[in-house]
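Morning, everyone. Let me put the model up, and then I'll walk through a few residues.

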Amino acid sequence: MIDENNFVSEIEKEIKNWNAEVLKFRIIAEVTKPDDQIEHYQVIEDIVAKEQAVIEKLAVFDESGIVDQTILKNEIENLQQDVEDAIEAARVKIN
């Protein structure tokens, strides 16, 4: 059985960390050249979209029964990794 409360709280902590990273990227994007701004904001939008997918799946997880939680947990972890990868790529590209 999955410790649902612990899993949800851990993902929520990650979401807060992601939001902080996105805010840093937005600040950097604001002070760059216009051409670079467009590229930076496209990267930021990609991260936000992936983050939103995690949030939506987490809501489904929170409402699901025990039977569905293992599958949903795996899907959330995969989506979470997508966000982490996008943030890491953005660090390289934007910083």
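Start with Leu 58. Leaving out residues up to four places away in sequence, Leu 58 touches Phe 7, Val 8, Ile 11, Glu 12, Ile 15 and Ile 76. Contact here means heavy atoms within 4.5 Å.

A word on the source. This is a predicted model, where local features need pLDDT of at least 70, side-chain atom pairs count only at pLDDT 80 or more, and totals for chains, interfaces and linings use all residues. Residues are numbered from 1 along each chain as its sequence is written, and side-chain values use heavy atoms, with hydrogens and water left out.

Now the core. A nonpolar core is a set of buried Ala, Val, Leu, Ile, Met, Phe, Trp, Tyr and Cys residues joined through side-chain atoms within 4.5 Å. Buried means under 20% relative accessible area, exposed over 50%, partly exposed in between, using a 1.4 Å probe and protein chains only. The largest such core has 21 residues. Leu 58 is among those with the most contacts inside it, along with Ile 11, Phe 25, Ile 47, Phe 61 and Ile 76. Which elements give two or more residues to this core? They are α1, α2 and α3 (66-94). The largest share, 8 residues, comes from α1. Helices are DSSP runs of H or I, at least four residues, numbered from the N terminus.

Glu 21 lies in helix α1, residues 4-30. Is Glu 21 buried or exposed? Buried, because its relative accessible area is 15%. Glu 21 touches Ile 87 and Arg 91, again skipping residues up to four places away in sequence.

Asp 62 lies in helix α2, residues 34-63. Asp 62 is partly exposed, at 47%.
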